[in-house]
Amino acid sequence: MIHLSPVKPETVQPVSAAADESTGPRPGSALCLSGGGYRAMLFHLGTLWRLNELGLLRKLSRISSVSGGSITAGVLGLAWQRLSFDNNEISADLEELVIKPIRRLANHTIDHGSIIKGILLPRQSIADEVADSYREHLFGKATLQDLPADSEGPRFVINATNVQTKVLWRFSRPYMGDYRVGLVHNPTTELAVAVAASSAFPPFLSPAELELQTSDFDQNTPGVILKDEVYRTNVVLTDGGVYDNLGLETAWKSYDTILVSDGGGAVDDEPDPERDWARHAYRILNLLDNQVRSLRKRQVIDSFKLRVRKGAYWGIRTNIADYTLPNAMDCAFQRTIALANVATRLKALDATLQERIINWGYAVCDAALRKHVDETLPEPENFPYPSAKV
């Protein structure tokens with residue numbers, strides 16, 4: 001667990017909210033899935049696995065995601081209505097419908113090829129190529145309307161950053177848009193496009209663009225200040241993690257219990273940083289991302305300490321020993337930090353590495369839940385993949 005000095009409650013209050021978030025937090029649980037490429041995508045699978053075993057997955061009211069976390073969330077959302085939950089709220093087919101498809105994607109490198117094709121093909125952007133890969137491997141032609149309705153399961157919110165308006169652009173079944181430019185109700189945008197926009201991390205996979213009509217937007221959305229056609233016909237998006245790399249904001253404003261699964265990376269010290277403009281700019285982007293991530297972590301963890309919110313945070317860089325849980329799973333820090341240092345890429349990972357990352361997400365999620373959410377939860381019998389040592 002990260003230990004930080006307390007802050008005053010008012011410093012962790014949310015900024016401007018979308019229409020359905022304006023009433024403040026209400027009873028219910030939300031799960032936030034961070035960015036971090038395939039590393040985070042797989043880490044979050046461990047989270048889903050443990051939540052499902054404990055009967056907590058089905059009880060979620062919202063799942064908010066960015067970047068690599070949106071790949072996991074998108075697959076879960078598309079499969080949700082086919083999951084069979086028993087009387088204990090546990091789905092026996094989560095592995096078949098969610099875990100295995102995502103692991104199959106993790107066998108393929110899609111970022112490098114998308115960059116090359118996006119540069120060489122004049123009518124196809126890099127983000128378009130990434131969306132094509134998501135269609136091929138995961139989503140087909142499914143749209144946001146194929147996600148569960150609020151009466152059928154949690155609301156899935158896939159977050160990107162609007163480069164034009166400087167705020168989060170939300171993709172969900174009821175609406176997409178942002179509070180400055182307005183909302184499009186019941187959008188039929190493809191799920192592959194939404195996830196590609198959410199995971200369009202700069203500089204290589206960004207931007208992703210949406211071609212819309214001004215008439216698509218609700219003309220009566222209150223508080224909208226950017227109604228010019230330019231903001232509503234060609235929406236320019238980048239990775240959701242640019243604005244909120246924990247996927248925290250759209251959950252934080254709505255629910256009183258927040259669970260945060262953080263598979264994000266960290267910036268290493270660099271005694272001799274590159275001086276050329278391209279590599280130096282890339283280094284600066286990573287520093288900015290690191291700063292935003294640190295601030296978000298501080299916000300959520302201090303809020304738990306101050307009882308502003310209930311819930312728990314667990315991260316891929318967490319030392320499981322910090323939970324001081326006597327029966328936590330065996331995960332030596334020197335091994336887990338090696339998993340945390342896997343590159344933030346959409347690059348193929350071998351089967352054993354995939355299983356180790358999933359196991360680690362499972363174990364640290366378990367420790368956080370049993371330490372900070374419910375001390376009566378049963379301890380796990382074994383790792384999802386017992387032969388893959390964390």
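Reader: Leaving aside neighbours within four places in sequence, with which residues is Val98 in contact?

Author: This is a predicted model, in which local features need pLDDT of at least 70, side-chain atom pairs count only at pLDDT 80 or more, and totals for chains, interfaces and linings use all residues. Residues are numbered from 1 along each chain as its sequence is written, and side-chain values use heavy atoms, leaving out hydrogens and water. With contact defined as heavy atoms within 4.5 Å, the partners of Val98 are Leu45, Leu48, Val75, Leu76 and Ala79.

Reader: Is Gly68 buried or exposed?

Author: Gly68 lies in helix H2 (residues 68-79), helices being DSSP runs of H or I with at least four residues, numbered from the N terminus. Beyond its neighbours within four places in sequence, Gly68 is in contact with Ser34, Gly35, Gly36, Gly37 and Met41. Because its relative accessibility is 0%, Gly68 counts as buried.

Reader: How far apart are the end C-alpha atoms of helix H1?

Author: The expected span is 1.5 Å times one less than the number of residues. The 17 residues of H1 (residues 37-53) should therefore span 24 Å, which agrees with the end-to-end C-alpha separation of 25 Å.

Key
Helices (H or I, at least four residues) and strands (E, at least two) are DSSP runs, numbered from the N terminus. Buried means under 20% relative accessible area, exposed over 50%, partly exposed in between (1.4 Å probe, protein chains only).
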